[in-house]
Every structure is written in C-alpha cells, then in structure tokens.
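Student: I have a structure open and would like to go through it. Can we start with the overall picture and then look at single residues?

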Amino acid sequence: MVFSTYLNSLAKTPQMLKKRMLATWTPDQELNKVRLRSGADMKRKLTWYDLVALGVGGMLGVGVFVTTGPVARKTSGPSVFISYIIAAVSALLSSLCYTEFSVDIPVAGGAFSYLRVTFGEFVGYFAGANILMEYVLSNAAVSRSFTEYLSCAFGRNDPNSWRVHVHGLMQGYNMLDFPAVALIIVLTICLCHSTKETSMLNLIMTAFHVVFFGFIIIAGFCNGKLENLVKPGGIAPYGVSGILDGAAIVYFSYIGYDTVSTMAEEIRNPSKTLPVGIVGSVLIVSALYCLMALALCLLLPYNMIPEGASFSAVFQQMGWKWASNVVGAGASLGIVASLLVAMLGQARYLCVIGRARLVPSWFAKVHPTTGTPLNATIVLGICQAAIALFTELDFVIEMISIGTLLVFYLVSNALIFRRYVILSKNPPHHTLSFLFLLSCSSFAFSLAWKFKLHWWNLSLFAGLTISATIIFQYLVPLVVMERPESWLVPFMPWPATVSIFLNVFLMTTLKMVAYKRFGIWAGVITLFYVLYGVHSTYNAEEIMEMVVVDNVNTNSTKQEVTKVDIQLL
C-alpha cells in the first residue's frame, strides 16, 4: 500500500517540482511557523562574548599549521602574511553578507534559510546539503588530525603510532583511529547536554589556544630577524601572482565563521549580538593568522622553512625541542575547539532542514529539557565517528573547499537580490542580468589569471566587472528601509560584488578532480531531492495549505448560516 502510494506520488514529480523548486518563505514564516515544527524552542542563553569565542574557536583549527609553511616555501615567500590579509578581506566581506541575513532572519538554518527565502527551496536545499557534507567530512578529517598532533605532544614522531593497522582492508581505510572516535563521542555527549555549557567549554579552550598563538608570535618577533623577510629574493620572490595564489590556499583557514550564524535562536538580542560575534571573530582570527605567518618568516628564510609541521620544525632548529611538544599540545587543543564548534553548527543545519521536511522531520525535534537538537546531534556524531574510524580524507579536502566557496558565493548573490528586488521592489530581470554578467566576468578574469593570458585580458574583464557594478548601482534604485532591529551591509552592492568576485576566483584555483567529485555529490543530492525531498515538502506544504483553505471556507459557511438564522429569528 505504501509502495503504491509512493509510485503514484512519483508520477506527479514534474508537477511537484514546478510548484516547490522555486517556492520561497517569508522571514516571518521561518521565524514562527517553521520553527514551531521542532516542538520545544532552543534556549536563549548565549551572549556576544560566547559568539566571539565560538567564531574564533571554529576558525582557529589546524589550517594555519598546515598551510603557512608550504605556502611560504613554494607559493608566496615571506609575503605569505599579505596572502593572509587578502584572504581575510574575502572572509570579512562574506561574513558581512552572513551578518545582514542572520540579523534579518535569526534562525538556526544559516545559509540554508537565507537562500530558501531568497531563491527558493531547491537552492536552499542544495546549499544546505553541501554545508552538511563539508561539516561531516571535514570534522572526520580533523578528528583524525587530533590523533596525530596529540601523539606529537607526547613525543611520538610517527603520525600512525596511535592507530591500529588492520590487514586485509583497502589502502587508505586500513588504519583504524580509535582516539578520533573517542573524541567525537565525548564531544557529541557534551553537545547533547547543553549549548551554554558547551559554549563555556569552548571559551576556556579558545582562551588557552589564543595564549598558545601568542607564545608563537612573541617567540617569532623576539628571536626572528628582519633580514629573513628580504633575503633571498626580496619580500615577494614569486611576485604578485604568488601572493594571490597563496591567498587562495590560506583562505580555507578562515572557514568556520558561518557556524556563528546558526546560533541565532540561542542568543540574547540577535540584532546587536550577531554582528559583534561574526565580524568580531573574523577580525580577531585575521590578526592572529597574519602575525603568526609573519613570525614564522622572521624566524627562518622562506626557502629554509620545512613544509611539514613547519612551526614545530622551526623551533627544533632553534634548539627549542620542548617547544615542538608545546606546538603539538596547542594544536590538539585548537582541533578540539574547532571540532566542537563545527559539530555544534552542523546539528542546527540538519535540524532546520528537517523542519522544512527535506529530510525526515525526526531530525527537527528539539529536546524540551536541554533545548538542543538531540536527534540531529547524535546521528551526525555517529556518521562522523564511522568515517573517522576508517577513512583517510586527504582526497576530499578540495571537494569540501569547493562546496563551501559555492555556498559563500550564493549567499553574496542572494544579498544583492534581496536588497534590490525583494526589499526595493525592483523588477527582478535587471538584478538577475547583473548577477549573471558579474559571475561571467569574474569567471573570465579568473581563467585568464589561471592560464597566465596577456595583461590586457585581465584588464578587460576587471574593467567589465567594475563598469557593470557602477552601471547597476546608478540605474537600479536601492530603497533603504532601516528598522530598529536591522543591520545593513554598507556601500551596497560593492561588498557583495567583491565577495562574489573573490569566491569565483578562489574556486577556479582548485584542481579539476575537485569538480569531478563535486559533480558526483551534486548528482546524488539532486536525486535525493527528486525522489524524496520534493514529495515530502509538497505533502507538508501544499496539502496543509489545502486543509487551511478548506477550514477557512467551512468557518465562513458556518458564519453565513449563523447570520441567516439570526435574521430569520
């Protein structure tokens, strides 16, 4: 019976896709009607300093330890700190777009909710699925890195010394990582208990981690030499192209600030707290990353910086062997903090996607006592533990990056569309044409840069991007409707335009294999939407609307009958 019903529903898939793919919600519906599907509300206990700590803890992971040395050695030279500054500008612009949306739509869905109210159900679902993929795979990879750094802290040089080798399993899946599994289980239990207590734990770990970063920075500035920044080859031995290519690589150290936006249902006074939490955390992390990169290049000439475990190796060359253990311990602590924040955010994403009925509604339930999305937290924790136990995830890192950059790109586009079409009531074709032209010119510039075409090609496409933005700003009016609880990105559309340009540029730096793997993943999630998601949302939304209309008509009929009876009396 159930199977025959599904087959009948499957036959109506084209009709359902037509009605649901571009279906949008209003912010009020997201805040009220959709949120009620979780049953209990999440508890509003977080303050601005909790959000700043969550943002800093989420970003200060292993990225800076993994990327700084190789980029300084092979890509940017001593100017790697400039690469970090450029990457910081891109991250800051994207974070501004997130901030405006999060204040206007303070729900736990993050980019999923922002895109669903702007571009419709499918775009929101596609972004949400990519974010979940990024969280699950990257968290599993990071938890395995925790084992490596922790063993380093205890003086073990072999990264597999705490793993169990199993004969008979495929290469890449045969090193079982039980410490990584144990870490995920412990953090999952903490996340199920309480968001506020989890935030306090993160605050303590992040404070120690910042002190650890301070140790590296002070050691570098006190013991380094300025001549190492200019010898050999000057401060930019690989030229401007090396600095920009380095920015594309180190950018991924900033990923994690979007988690703060998923805390919107659990903070006090979102309109004031969210801007401080998101933008403040990006600025703090940017300063720490730039200073760490500069400290590393002060300690050694760039051509002598080791590519692997750079900070630890540099301290060993200085004769500070004990500092290698300190680096291992500090990195382990940073991994735990970033993993805690990422697992906190991923459960909120899945919870809100469950509210939309794009996955089973069981995931949307919020526990009435703890005020946490218990089901989503446990299931995602189990998935991560299973992946972390078996799988070496080096081959998916670039796929994670392209998914994240795509979401940031979509959010920037959505902000322009929302400001100029939805809020300003302008015809959509002008804005859509501008966004299409902007994406094409950004893509053309990025390809010209990648394939090292003549300088006039770069000038042409850069000029086209700037000219299109100026013409759009002049011809399409922007109506600013400020409300007491609103927070608006200034100087629109320029911040969002630059964010779109930089995200496209960074995506083109990735290898072709990343696009192939991403294409497979995109096909899988699209198939899931066609076979399950659209049917579930159609039944939940369209049929519910029909029931509401029937109830309204029935009530109206009853009222008319009553009026007739009164008149007859």
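**Fold and contacts**

Tutor: This is a predicted model. In the protein chain, residues 24 or more positions apart account for 83% of the contacts with a separation of 6 or more.

Student: OK, arginine 419. Where is it?

Tutor: Arginine 419 sits in helix H17, which covers residues 397–423.

Student: Is arginine 419 buried or exposed, and why?

Tutor: Arginine 419 is buried, because its relative accessible area is 5% and the cut-off for buried is under 20%.

Student: What does the side chain of arginine 419 reach?

Tutor: It reaches the backbone oxygen of valine 489, at 2.8 Å. Leaving out residues up to four places away in sequence, arginine 419 touches Glu100, Ser424, Leu478, Leu488, Val489 and Met492.

Student: Switching to the surface. Which residues make the nonpolar patch?

Tutor: Phe3, Tyr6, Leu7, Leu527 and Leu531 make a nonpolar surface patch of about 480 Å². Helix H1 (2–11) and helix H21 (512–568) each supply at least two residues of the patch.

Student: Which helix gives the largest share?

Tutor: H1 does, with three residues. Leucine 7 lies in H1, and leucine 7 is partly exposed, with a relative accessible area of 41%.

Student: Now the aromatics. How many aromatic pairs are there?

Tutor: The count comes to 22 aromatic pairs. One of them is tryptophan 48 with tyrosine 49, an edge-to-face pair at 5.9 Å centre to centre with 85° between the planes. Tryptophan 48 is partly exposed at 49% relative accessible area, and tyrosine 49 is partly exposed at 39%.

Student: And phenylalanine 126 with phenylalanine 518, why is that pair edge-to-face?

Tutor: Their planes are at 90°, so the pair is edge-to-face, and the ring centres are 6.3 Å apart.

Student: Which helices does that pair tie together?

Tutor: Phenylalanine 126 lies in helix H8 (residues 121–153) and phenylalanine 518 in helix H21, so the pair ties together parts that are 392 residues apart in sequence.

Student: Are phenylalanine 126 and phenylalanine 518 buried or exposed?

Tutor: Both phenylalanine 126 and phenylalanine 518 are buried.

Note on methods:
Residues numbered from 1 in each chain as written. Predicted model: local features only at pLDDT ≥ 70, side-chain atom pairs only at ≥ 80, totals over all residues. Heavy atoms only, no water. Contact = heavy atoms within 4.5 Å. Helix = DSSP H or I, 4+ residues; strand = E, 2+ residues; numbered from the N terminus. Buried < 20%, exposed > 50% of the residue type's maximum accessible area, 1.4 Å probe, protein only. Polar contact = N/O pair within 3.5 Å; in protein donor to acceptor, adjacent residues only side chain to side chain. Patch = residues over 30% accessible without salt bridge, like charges linked within 9 Å, V, L, I, M, F, W, Y side chains within 5 Å. Areas by Shrake-Rupley, 256 points an atom, 1.4 Å probe, with all protein chains shown as cover. Salt bridge = Lys/Arg side-chain N within 4 Å of Asp/Glu carboxyl O. Phe/Tyr/Trp six-rings, centres within 6.5 Å; stacked < 30°, edge-to-face > 60°.
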